[in-house]
Protein chains: 2
Amino acid sequence: MDWLEMDMENCSVQRTLDLVGEKWTLLILREALNGVHRFADFHEHLGASEPILADRLKKLVSAGILQVRPYQDDGQRTRHEYRLTEKGLELYPAIVSLMQWGDKYLADPEGASVSIEHKACGHAVRVVVQCTHDGDIIAARDARSFPGPGARKLISD
Amino acid sequence: MDWLEMDMENCSVQRTLDLVGEKWTLLILREALNGVHRFADFHEHLGASEPILADRLKKLVSAGILQVRPYQDDGQRTRHEYRLTEKGLELYPAIVSLMQWGDKYLADPEGASVSIEHKACGHAVRVVVQCTHDGDIIAARDARSFPGPGARKLISD
């Protein structure tokens with residue numbers, strides 16, 4: 001098949017990027033994965049303006065990636081915090097793969113600013129592309145892409 | 001440690017996004033992984049304007065993610081094509097992880113528009129976060145993030 005004859009309008013990479021590819025959006029997800037849940041904390045730690053932050057949080061909630069939960073500190077009014085849903089938690093490999101590449105190619109001489117360990121044994125984790133059959137680790141050149149069940153051909157003029 | 005006390009300026013997720021997080025940039029990488037190498041083909045298949053495409057290709061070449069190689073079709077002048085470097089090929093898990101999430105949550109009812117198989121055995125591939133010690137598949141809640149060797153504390157006022 002010629003890749004150039006395929007319509008990429010329904011490509012899942014593109015659709016995922018449309019949803020979470022914007023810089024602040026993905027940084028909010030990084031913060032949420034690291035236990036940040038409150039508007040004031042996102043604002044302070046990320047340095048995003050309040051209107052931008054409110055907009056991105058709203059987008060993530062309406063996409064079902066974050067959910068809003070009420071909380072109340074002593075003597076304060078009820079506020080809301082933002083928790084990852086299961087759908088949001090499943091973006092974990094995407095975030096870790098971006099981090100892993102950056103750690104290798106863009107880190108300061110001292111090394112990575114964040115490390116991740118497997119809670120159960122304390123060893124480091126890594127992201128890999130893996131064959132579902134034999135468990136082999138797959139590099140780009142070990143794999144072949146082809147049109148899936150939802151593929152569409154471009155309509156010629 | 002309190003995550004909010006850490007300076008995120010040198011976070012590798014953020015640095016990687018600064019380099020390849022822009023939509024057209026990552027879509028160029030998707031095309032290159034699928035065997036598209038020529039300016040005219042990128043232009044036609046992506047629908048990006050020529051100035052935007054030229055700018056993003058230049059950025060990827062100067063980052064060492066793509067390299068320029070001359071080619072010549074019969075009777076034509078020498079032109080250039082864009083090939084992924086080793087550094088570029090290593091973005092493969094990041095692209096596949098975005099695609100995998102999109103296939104699950106954003107695909108059309110017919111299914112994924114693109115499938116990927118292991119050339120050697122023909123079975124599907126998947127992206128996983130894996131423990132480097134015991135090979136366990138790691139979900140977000142099985143892992144713990146902590147300051148790495150390049151971590152910096154935020155300087156208080």
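Author: Two residues are in contact if their C-beta atoms, placed from the backbone, lie within 7 Å. Keep that cut-off in mind. The model is predicted.

Reader: How many residues of chain A are in contact with chain B?

Author: In general, the size of an interface is often given as the accessible area lost when the parts come together. Here we count residues instead. On chain A, 80 residues are in contact with 80 residues of chain B.

Reader: Which elements of chain A supply at least two residues of the side that touches chain B?

Author: The helices are α1 (12-20), α2, α3 (39-46), α5 (86-89) and α6 (92-105). The strands are β3 (114-118), β4 (125-131) and β5 (143-147). The largest share comes from α6(A), with twelve residues. By class, that side of chain A has 42 nonpolar, 21 polar and 17 charged residues.

Reader: Which strands pair across the two chains, and in which sense, parallel or antiparallel?

Author: Take β3(A) with β5 (residues 143-147) of chain B. The two pair in the antiparallel sense, over five bridges. A:Ile116 stands opposite B:Ser145 in β5(B). Now take β5(A) with β3(B). These strands also pair in the antiparallel sense over five bridges. The bridge partner of A:Ser145 in β3(B) is B:Ile116.

Reader: Where do the side chains of β3(B) point?

Author: They alternate along the strand, residues 114-118 of chain B. B:Val114, B:Ile116 and B:His118 point to one face and are buried.

Reader: What does A:Lys119 contact, leaving aside its sequence neighbours within four places?

Author: A:Lys119 is in the loop between β3 and β4 of chain A. Its contacts are B:Asp142, B:Ala143 and B:Arg144. A:Lys119 is partly exposed, because 13 other C-beta atoms lie within 10 Å.

Reader: And where is A:Ala139?

Author: A:Ala139 sits in the loop between β4 and β5 of chain A. With 14 other C-beta atoms within 10 Å, A:Ala139 is partly exposed. Beyond four places in sequence, A:Ala139 is in contact with B:Leu89 and B:Tyr92. A:Ala139 and A:Glu90 are 49 residues apart in sequence and 22 Å apart from C-alpha to C-alpha.

Reader: Why does B:Cys11 count as buried?

Author: The cut-off for buried is 20 or more other C-beta atoms within 10 Å. B:Cys11 has 23 C-beta neighbours inside 10 Å, so B:Cys11 counts as buried. B:Cys11 lies in the segment before α1 (12-20) of chain B. Not counting residues up to four places away in sequence, B:Cys11 touches A:Ser113 and A:Val114. B:Ile52 is 41 residues from B:Cys11 in sequence, and 27 Å away in space, C-alpha to C-alpha.

Reader: Which residues have the most contacts inside the largest nonpolar core?

Author: In soluble globular proteins, nonpolar side chains tend to be buried together. Here the largest nonpolar core has 78 residues. Those with the most contacts inside it are A:Leu29, A:Ile95, A:Leu98, B:Leu29, B:Ile95 and B:Leu98. Take A:Leu98. Leaving aside neighbours within four places in sequence, A:Leu98 is in contact with B:Val13, B:Thr16, B:Leu17 and B:Ala94.

Reader: How many residues of α2(A) are buried?

Author: Eight of its eleven residues are buried, so α2(A) is mostly covered. Among them are A:Leu26, A:Leu29, A:Arg30 and A:Leu33. Just after α2(A), A:Gly35 takes a positive phi of about 95°.

Reader: At what angle do α2(A) and α4(A) pack?

Author: Two packed helices are described by the angle between their axes and the distance between the axes. Helix α2 (residues 23-33) and helix α4 (residues 50-62) of chain A pack at about 70°, with their axes 10 Å apart. The range for roughly perpendicular is 65 to 115 degrees. The two helices are therefore roughly perpendicular to each other. From α2(A), A:Trp24, A:Thr25 and A:Ile28 take part. They meet A:Ile52, A:Arg56, A:Leu57, A:Lys59 and A:Leu60 in α4(A). The residues of this contact divide into five nonpolar, one polar and two charged.

Reader: Last one. Is B:Arg30 buried or exposed?

Author: B:Arg30 is buried, because 22 other C-beta atoms lie within 10 Å. B:Arg30 is found in helix α2 (residues 23-33) of chain B. Leaving aside neighbours within four places in sequence, B:Arg30 is in contact with A:Val13 and B:Ile95. B:Tyr92 is 62 residues from B:Arg30 along the chain, and their C-alpha atoms are separated by 8.7 Å.

Key: Residues are numbered from 1 along each chain as its sequence is written. Chains are lettered from A and ligands numbered from 1 in the order in which they are written. Helices (H or I, at least four residues) and strands (E, at least two) are DSSP runs, numbered from the N terminus. A residue is buried if 20 or more other C-beta atoms lie within 10 Å of its own, exposed if 12 or fewer, and partly exposed in between; C-beta atoms are placed from the backbone. Axes are lines fitted to C-alpha atoms, for helices over the stretch in contact, and angles run from 0 to 180 degrees between N-to-C directions. Angles under 35 degrees count as roughly parallel, over 145 as roughly antiparallel, 65 to 115 as roughly perpendicular and the rest as oblique. Ala, Val, Leu, Ile, Met, Phe, Trp, Tyr, Cys and Pro count as nonpolar, Asp, Glu, Lys and Arg as charged, and the others, Gly among them, as polar. Two strands pair if DSSP finds at least two bridges between them. A nonpolar core is a set of buried Ala, Val, Leu, Ile, Met, Phe, Trp, Tyr and Cys residues joined through C-beta atoms within 7 Å.
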